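Here are some notes to read alongside the structure. Please keep the sequence and the model open while you go through the points.

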Amino acid sequence: STMYWFEFTIEMIFVVDILSNFLTGYLAEGIDASKFDKEGEKVDADCIEYHPGLVARHYVKSWFLLDVMSGIPFALIDLLAEDSSGGGGQVGFLKMVKSLR
C-alpha cells in the first residue's frame, strides 16, 4: 500500500539521520584556548571536533536516545499488535511522543 511505503521511507530517513550524526562533527567549546597560531595570536576557543570516538560519545550523551525513540517504526509495531490481538493497536501514545520531536 502507498501509506506503508511512505512510512517506510520516513523511517529510513530517520535511520540515515542517526547514522549521519555519528559522522558529523560538533562544536567543542574551549578545546584550543591554550594554543597559539604562527603569529602568537590565540586560536579561537571554539572548534569543530571530528574525532570519531568523541563525536559518537557526544551524540550518545545528547540526542541519540531521542533520535532512536523517534525512529521506532510504530506503524509496523501497530500492525503486528493488531494482527496478534485481533483488535486495534495500542501505540497511539508512542506515536504522539514521536511527533514531539
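1. How exposed is Tyr4, in terms of its relative accessible area? In this predicted model, Tyr4 has a relative accessible area of 43%, and it is therefore partly exposed, since that class lies between under 20% for buried and over 50% for exposed.

2. Tyr4 also belongs to a nonpolar patch on the surface, which it forms with Trp5, Phe8, Met12, Val15 and Leu19, and together these residues have about 600 Å² of accessible area. Trp5 is found in helix α1, which covers residues 2-21.

3. Six aromatic pairs turn up in a search of the whole structure. One of them joins Tyr4 and Trp5 edge-to-face, with 5.1 Å centre to centre and 75° between the planes, and Tyr4, Trp5 and Phe8 form one aromatic cluster.

4. Phe22 and Tyr59 are edge-to-face because their ring centres are 4.9 Å apart and their planes stand at 90°. Since Phe22 lies in the loop between α1 and β1 while Tyr59 is in helix α2, the pair ties together parts that are 37 residues apart in sequence. Phe22 is partly exposed at a relative accessible area of 26%, whereas Tyr59, at 5% relative accessibility, counts as buried.

5. As for the confidence of the model, the protein chain averages a pLDDT of 75, and 63% of the residues score at least 70. Among the elements, helix α2 (residues 52-61) has the highest mean pLDDT (94) and helix α5 (residues 92-99) the lowest (55). Where pLDDT is low, the predicted coordinates should not be read in detail.

Notes
Residues numbered from 1 in each chain as written. Predicted model: local features only at pLDDT ≥ 70, side-chain atom pairs only at ≥ 80, totals over all residues. Heavy atoms only, no water. Patch = residues over 30% accessible without salt bridge, like charges linked within 9 Å, V, L, I, M, F, W, Y side chains within 5 Å. Areas by Shrake-Rupley, 256 points an atom, 1.4 Å probe, with all protein chains shown as cover. Salt bridge = Lys/Arg side-chain N within 4 Å of Asp/Glu carboxyl O. Helix = DSSP H or I, 4+ residues; strand = E, 2+ residues; numbered from the N terminus. pLDDT = per-residue confidence, 0-100. Phe/Tyr/Trp six-rings, centres within 6.5 Å; stacked < 30°, edge-to-face > 60°. Buried < 20%, exposed > 50% of the residue type's maximum accessible area, 1.4 Å probe, protein only.
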